[in-house]
Amino acid sequence: MAETTEPAEPDVPQEPTLDEQIAAYQREYRDLDPQVEKVVSALGRLNRRMNVAYGRQVAALGISNAEWEVLKTLLLAGEPYRLGPGELAKRLGLTPAAMTHRIDRMAGEGLVTRDRDENNRVRVIVELTDEGRTKWLEAMRMASDFEEDLLQDLSAEERGLLGDMLIRLLRRVEHAQPDAGGRLTDLD
């Protein structure tokens with residue numbers, strides 16, 4: 001009887017551990033502070049992995065990260081969940097052309113509507129639909145479960161301290177790089 005073997009998994013390059021990465025950096029750049037590098041590298045890796053997890057969650061709902069960003073922005077605008085395309089583009093750090101493309105796609109999927117402003121027929125208004133709000137809520141439920149699982153090993157006090165420390169870091173970056181809130185490239 002012939003042996004059956006599982007197909008070999010493709011060789012996926014392993015990312016070095018943080019300690020290995022820091023050791024390599026120190027070898028090449030002797031002035032490196034390993035404590036600073038550990039924090040910054042861990043934050044970077046955590047951010048990357050969280051973005052992948054969130055991307056998988058919204059993909060399971062049939063929307064993209066880019067569409068999620070628009071849904072979120074409209075929701076943050078408050079009721080009636082509507083903004084002009086220019087304001088959406090500005091808040092998302094996108095070009096008007098990229099925003100138009102995104103709105104076209106989302107209107108076709110029933111996530112938003114695009115209509116002329118009744119008070120100014122030249123102005124266009126983008127509004128969140130019930131379907132768009134439902135997708136946003138489901139994505140939030142999934143993200144909430146993921147985030148609770150992520151932080152399960154931290155006590156309430158540790159979560160509070162970590163949140164406060166991260167906010168301090170964020171404020172420092174925002175002060176030093178006030179224009180860094182937008183995207184450098186479009187997500188589409």
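**Salt bridges and a buried glutamine**

Modeller: In this predicted model, Arg159 has a relative accessible area of 29% and is therefore partly exposed.

Colleague: Which residue forms a salt bridge with Arg159, the closest N and O atoms being 3.5 Å apart?

Modeller: Arg159 belongs to helix H7 (residues 156-176) and its partner to helix H6 (residues 130-150), so the pair ties together parts that are 11 residues apart in sequence. With the closest N and O atoms 3.5 Å apart, the residue that forms the salt bridge with Arg159 is Glu148.

Colleague: How far apart are the closest N and O atoms in the salt bridge of Arg114 with Asp104?

Modeller: At 36% relative accessibility Arg114 counts as partly exposed, and Asp104, at 39%, counts as partly exposed as well. For the salt bridge that Arg114 forms with Asp104, the separation of the closest N and O atoms is 2.4 Å. This pair links distant parts of the chain, 10 residues apart, with Arg114 in strand E2 (residues 112-117) and Asp104 in helix H5 (residues 96-108).

Colleague: Which residues are linked with Glu15 in a network of salt bridges?

Modeller: Glu15 is partly exposed, with a relative accessible area of 33%, and Arg49, at 46% relative accessibility, also counts as partly exposed. The network of salt bridges links Glu15 with Arg45, Arg48 and Arg49.

Colleague: Does Gln21, at 13% relative accessibility, count as buried or exposed?

Modeller: Gln21 lies in helix H1 (residues 18-28). Since buried means under 20% relative accessible area, Gln21, at 13%, counts as buried.

Colleague: Which side chain does a polar contact of 3.1 Å join to that of Gln21?

Modeller: Leaving aside neighbours within four places in sequence, Gln21 is in contact with Pro16, Glu37, Ser41 and Arg45. The polar contact of 3.1 Å joins the side chain of Gln21 to that of Ser41.

Key. Residues numbered from 1 in each chain as written. Predicted model: local features only at pLDDT ≥ 70, side-chain atom pairs only at ≥ 80, totals over all residues. Heavy atoms only, no water. Helix = DSSP H or I, 4+ residues; strand = E, 2+ residues; numbered from the N terminus. Buried < 20%, exposed > 50% of the residue type's maximum accessible area, 1.4 Å probe, protein only. Polar contact = N/O pair within 3.5 Å; in protein donor to acceptor, adjacent residues only side chain to side chain. Contact = heavy atoms within 4.5 Å. Salt bridge = Lys/Arg side-chain N within 4 Å of Asp/Glu carboxyl O.
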